[in-house]
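Work through the exercises below with the sequence and the structure in view. Try each task before reading its solution.

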Amino acid sequence: MMECVFDGSFKGLMTLVFDTWRLGDEVTAVIQETDAASLLPGRHFPTDDSKAARILTYIGSRLGEEFAFMVKAAFLSARAERFRAIVKTIHRACQMGPAALDLLEDDILCFLACHREVTREAHRFQGLLRFRELKDRSLLAVFAPRHHVLPLILPRFADRFPGEKLILYDEGRGIAGISEQGKITLARVAELSPQDSDGEQELEGLWRVFFDHLAIKERFNPDLQRQHMPKYTWKHLPEMRGKP
């Protein structure tokens, strides 16, 4: 019975995967340092870049790039149990190969749920982000996703708008992603004080008029609308502000 503690980074978790390979069922909890209870016994696993690289190389070559992507996506989940699920699933997959994902074990089911929820939300926000033009002509999109999907969606918007300076701000986590001239960076930002361009408010007003007039009243289906545009996203959608 062992509580494993790491620094919260992806490389740190991969180091833990490497170091706990032979411990098997002894690993009962995997938590990051900021959440660790200081008075409880726990084994700390310091991040080792070489060990992390070795396990990532093994995952990519032996288990496949799709499995490697699933691991990275699951790490971005907001589920508290995601770390243990990732560690246990990788251990199982190292023993059995990708077929381990067919097992009905709690940790593997949790791993699959983390991956599914993250990729689904990332796909959703590719259609729901609304950009506003700032005075310096950069484009800002503010959102508050349930999962840390910013690292997944920023590169896709950067590819879509290569000539623009893009700023995607995860309001709940206080993290800004910036894409400019092919370079992508992530930074912690406590709050933003954006200054809109002169025509931004007019453009938002025109967009709301277009949205309202495009709707077909006879086919209005609020339940279906909420499936595609969940209410937790409405705060940052100009066309939905003020909707009941």
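**Exercise 1. In which helix does Lys 88 lie, and does Lys 88 count as buried or exposed?**

Step 1. Lys 88 is part of helix α4. Helices (H or I, at least four residues) and strands (E, at least two) are DSSP runs, numbered from the N terminus. The model is predicted: local features need pLDDT of at least 70, side-chain atom pairs count only at pLDDT 80 or more, and totals for chains, interfaces and linings use all residues. Residues are numbered from 1 along each chain as its sequence is written, and side-chain values use heavy atoms, with hydrogens and water left out.

Step 2. Buried means under 20% relative accessible area, exposed over 50%, and partly exposed in between (1.4 Å probe, protein chains only). Lys 88 has 13% relative accessibility, so Lys 88 counts as buried.

Step 3. Contact means heavy atoms within 4.5 Å. Leaving aside neighbours within four places in sequence, Lys 88 touches Gly 24, Asp 25, Val 27 and Asp 107.

**Exercise 2. Find why helix α4 is described as largely enclosed, and check its span.**

Step 1. Of the 15 residues of α4, 11 are buried, so the helix is largely enclosed by the rest of the structure. Among the buried ones are Phe 83, Ile 86, Ile 90 and Cys 94.

Step 2. The buried residues of α4 pack against β1 (2-6), α1 (10-19), β2 (27-32), α2 (49-63), α3 (65-75) and α5 (106-128).

Step 3. The expected span of a helix is 1.5 Å times one less than its number of residues. For the 15 residues of α4 (residues 82-96) this gives 21 Å, and the end C-alpha atoms are 21 Å apart, which agrees.

Step 4. After α4 comes Gly 97, with a positive phi near 85°.

**Exercise 3. Give the order of the strands in the open sheet and state which are the edge strands.**

Step 1. Two strands pair if DSSP finds at least two bridges between them. Five strands form the open sheet, in the order β4-β5-β6-β7-β8, with mixed pairing.

Step 2. β4 and β8 (183-188) are the edge strands, as each pairs on one side only.

Step 3. Take the pairs in turn. β4 (residues 132-133) and β5 are antiparallel, over two bridges, and Arg 132 stands opposite Leu 140. Five residues lie between the strands of this hairpin, and there Arg 137 takes a positive phi near 75°.

Step 4. β5 and β6 (residues 166-170) run parallel and are joined by five bridges. Phe 143 has Asp 170 in β6 as its bridge partner. Between these strands the chain passes through helix α6 (residues 150-160), and this β-α-β crossover is right-handed. Right-handed applies if, with the strands pointing away from the viewer, the path from the first strand over the helix to the second runs clockwise.

Step 5. β6 and β7 (residues 175-180) run antiparallel, again with five bridges. Leu 166 has Ser 179 in β7 as its bridge partner.

**Exercise 4. Which residues point each way from strand β5, and are they buried or exposed?**

Step 1. Leu 139, Ala 141 and Phe 143 point one way from β5, and Leu 140 and Val 142 point the other way.

Step 2. Residues on both sides are buried. Five of the five residues of β5 (residues 139-143) are buried, so this strand is largely enclosed by the rest of the structure.

**Exercise 5. How many salt bridges does the structure hold, and which residues form a network of them?**

Step 1. Side chains of opposite charge can pair when their charged atoms come close. A salt bridge is a side-chain nitrogen of Lys or Arg within 4 Å of a carboxyl oxygen of Asp or Glu. The structure holds 10 salt bridges.

Step 2. One of them joins Glu 105 and Arg 92, with the closest N and O atoms 2.4 Å apart. Glu 105 is in the loop between α4 and α5 and Arg 92 is in helix α4, 13 residues apart. Glu 105 counts as partly exposed at 26% relative accessibility, and Arg 92 counts as partly exposed at 28%.

Step 3. Another joins Arg 173 and Asp 170, at 3.1 Å between the closest N and O atoms. Arg 173 is partly exposed at 26% relative accessibility, whereas Asp 170 is buried at 0%.

Step 4. The network consists of Arg 79, Glu 81 and Glu 117, linked by salt bridges.
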